[in-house]
Amino acid sequence: MMATVGDQLKQPEVGWRRYDDTHVGLKYTGSWYKVTSTNYYNGSVNVTTRAADNNYVAFSFYGTKVRIISDIAQDRHSDNTITVDGVTESFNTNKSGTAVLYAIVYEKMNLPLGFHTVTIMVGHNRTNFIMDAIDIDESGYLYGYTLTAPEAGWRRFDDTHNAFAYLGANWIAYTGANQGIYNNTHHYTSQGKGDTEIRFKFYGTKLRLISSIGPAFANDISVIIDGVTEKFNPRMPTTADERQKVTYEKTNLPLGVHEVNLISGTNGDWRLDIDAVDIDENGYLVARVGQQLTTPEPEWKRYDTDNNALYLGTDWKTVVNATGRAFEGGSVKYSNVIGNYIKFSFTGKKLRLIAEYHNLYDPNVEVSIDGVVEYINLSTTSSSYQPQRLVLDKINLSDGSHEVVVKKISGTGNFHIDAVDIDVTGRMIRYIGSQLTTPDEGWKRYDDSVSSIKYVGNFTNGVGAGAYNGYSNYTSTIGDKIIFDYEGTKLRLIGARYTNRSDLIEVYVDGKLHGTHSQLGSELAQVLQVEIVGLPKARHQVEIVNKSSGSSTTFMALDAVDIDLDGRLFHPDEVTSVGELEIGKRIRCNYVSNTAGVAGEFKNIGKQTSDLISTTSIPSAPNGDFYFIVVDEYNGKKILIADRNIQSSVSWDALNSSGLVFGVQKDLGEKNYIFVARLLSGGYSAADKDNDWDQYIVNSTLNGNIIAGDDRVWNWSGGYGITSTTNFNSVNRVRRGSLTALTHTAIASSSTIGYRPLFEVETLPMFKSFVKHDGAYKKYEPKVFIESNEKTPSGEAFGWKTITAILPSEDTFINDGMDDLSVFDRKNEHFVQTMTANGSLGSGKLFKGSIDLKKYFEITNVSVK
């Protein structure tokens, strides 16, 4: 049952909304004071007395109904009046007996939907009157009040924001201080003229228009939100125009993007005026076509077209950033050739195209989305470049994959697309053949120069125009190979396209031909040429073979490799445990020196700890990885040599002070091996070939695994490396490498130079054991929780863990066997044995107790007390 006048109503009923007495939209005139109490709505009321004349409160609202919330009591006036749209009525707040709080003291229903003004004149015949709240339509709002800043939960956008489109010829953009307008600017129509419109979009659930009011404004201005038309009325009987007034409000819109049109009225001196717009505090104005959009808006993400699209046709040119011109990624491709087109695909349901405007650009560019054609205009009347403009906005596509083609169909003007914005949850679909200068999200990139990639044949590392990191590895020999391993589920090969490139390149994964591709074509760097996805997460071997069918197009190149973000690249000869090492194999290790000129420490052998140390710009205080390569095995030792200098600017003397010249044992956390670090010997003269450097780096093929002296393996061109050897005719120390693998010179022991370590690795005798018990082979694990759930004195779980029921294999012994049998050590144990009285013996008593000799089988001392 609906409440009526005289009823208590602590909260608005369904279909109503309440404004507290403190709302800025209620204007109090006369002598009013505030009273706070939990007995009132929101804890306060405004109060006046009969001693003061001309006390009233006024407000304006949009809607069809209004209620006044006060209280009814014996000392309240009975001769109050209320005027709604010029019609005055009386209402009574006086009553003897128990007072009614939160009372409906006046109600007006069935007003025409529109703007209404209300004035409440306080009576005089009793003590006072209180104003607690007003209720109006749920979809209505108060208007006409001053709001110089957005309320809590709202945010404000000035009329100058470039998301507003001002249409029509009669606009005046006013700027002036001390006028009471927000940010000293507002837009309004010429006096007595209309035919104007404001268009904008916003994301959110609510909207307020902030503008001016006065007696000369139009009273029939249209507001169209998502196609639904309403009116708002800034014409009010003020003595002068008043600024920053709430003239329209809409709340409870569904969360999303809403399109708003404001259309000028048909009467009054000022047909349309706008000072600012308030929307949700988490909302935003949506960019409009033609607006500059330097970054994607919320819920969108941006892709550089150069890196994500195919450019088809001829004579594509590139322009880079310049004064007044900024492009996504620093450059953009353009063309004026009819028939040329840009093609890309994406998943999602919305799309924006970003481009530059200029008066010489194409005014009629064809855009096809899934075969549906429309046209965009890149031309303006201005000869100034206007970069990063929104030229196409599509927000209601079906959720799925879409193909987009942007094509030049006529004229001489240039066309281009600088960037593409799509859903933040969407993604671009890569085309084989598109340029990919940076790895996509979820991928990481390895340069072609990384030591984990093995080049088999006549490869050259040379400067490449536009290549990733400026260089790429290439060969012109048919049959040459590129080999590497990686751990992951997906793979991309990045190369270059050119007119002399191989037309047939085979790619093998784990020994099986995955497919072929061509690098022959018009010049383009950093091209996605191979993509493989959906592999099991494991280590895979990749082999790329040049099989060119032409005589003049035989060049094959690799620029970069992209794999899973959490993946890892391996050299094909790389192992991850010391036990797997043999001649020709390599293992990763980490080296850190925190101070230049001071030797560092080795750790994490067999693991990837960080990026590989540079072979060309070797740091003086490194923190990186390198490879040890096995070069020899003798006397039960493996000889490992670093594949590069791992530290620069360190002297022979500094290394010697740490024992690293002639040998010092290092702890790498492998308990089954002894590691001794020393320098390579270098030959006391150039003629002396009986030394580590000449034997291994200059002359060894590592049992046919490498080409002897190969700089790709040993990186000797990265700089001189110090050796342990003293030159034959001086006290200087021999250094090797840098100019050639054979280079042999000497420097003072105090001079700084590059450091390349040699490790001797000795395998310790391995003693592994199991205990056979109850038909199973077991091991004792003091820190493993077992079924018995027994605890050590310190609280750790302990016990015997079954490994196998059959005779263990050698690998089982190595991997799971016990190398600590201290659990069987006999330990002294003291115990107290309680004895009980058992008859008499003379004047004394006889006591006895039992000891389990199976448990205590060797008793060395008994003390009876």
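I69 stands opposite A133 in β12. The strands here, β6 (residues 66-72) and β12 (residues 133-137), pair in the antiparallel sense over 4 bridges; strands are DSSP E runs of at least two residues, numbered from the N terminus, and two of them pair if DSSP finds at least two bridges between them. This is a predicted model, in which local features need pLDDT of at least 70 and side-chain atom pairs count only at pLDDT 80 or more, while totals for chains, interfaces and linings use all residues. Residues are numbered from 1 along each chain as its sequence is written, and side-chain values use heavy atoms, with hydrogens and water left out.

Both strands belong to an open sheet of 4 strands, ordered β1-β12-β6-β9 with antiparallel pairing. β1 (16-20) and β9 (100-108) are the edges; each has a single partner strand, so one side of each is left without a neighbour in the sheet.

Next, β66. Strand β66 (residues 776-780) has 4 of its 5 residues buried, so it is largely enclosed by the rest of the structure; buried means under 20% relative accessible area, exposed over 50%, and partly exposed in between, with a 1.4 Å probe and protein chains only. On one hand, β66 runs antiparallel to β65 (residues 771-773), joined by 3 bridges, with V771 opposite K778. These two strands form a hairpin with 2 residues between them, and D774 in the turn has a positive phi of about 55 degrees. On the other, 4 bridges join β66 to the antiparallel β67 (residues 800-804), where T802 stands opposite K778.

Last, F824. It is found in the loop between α5 (810-816) and β68 (836-841), and at 45% relative accessibility it counts as partly exposed.
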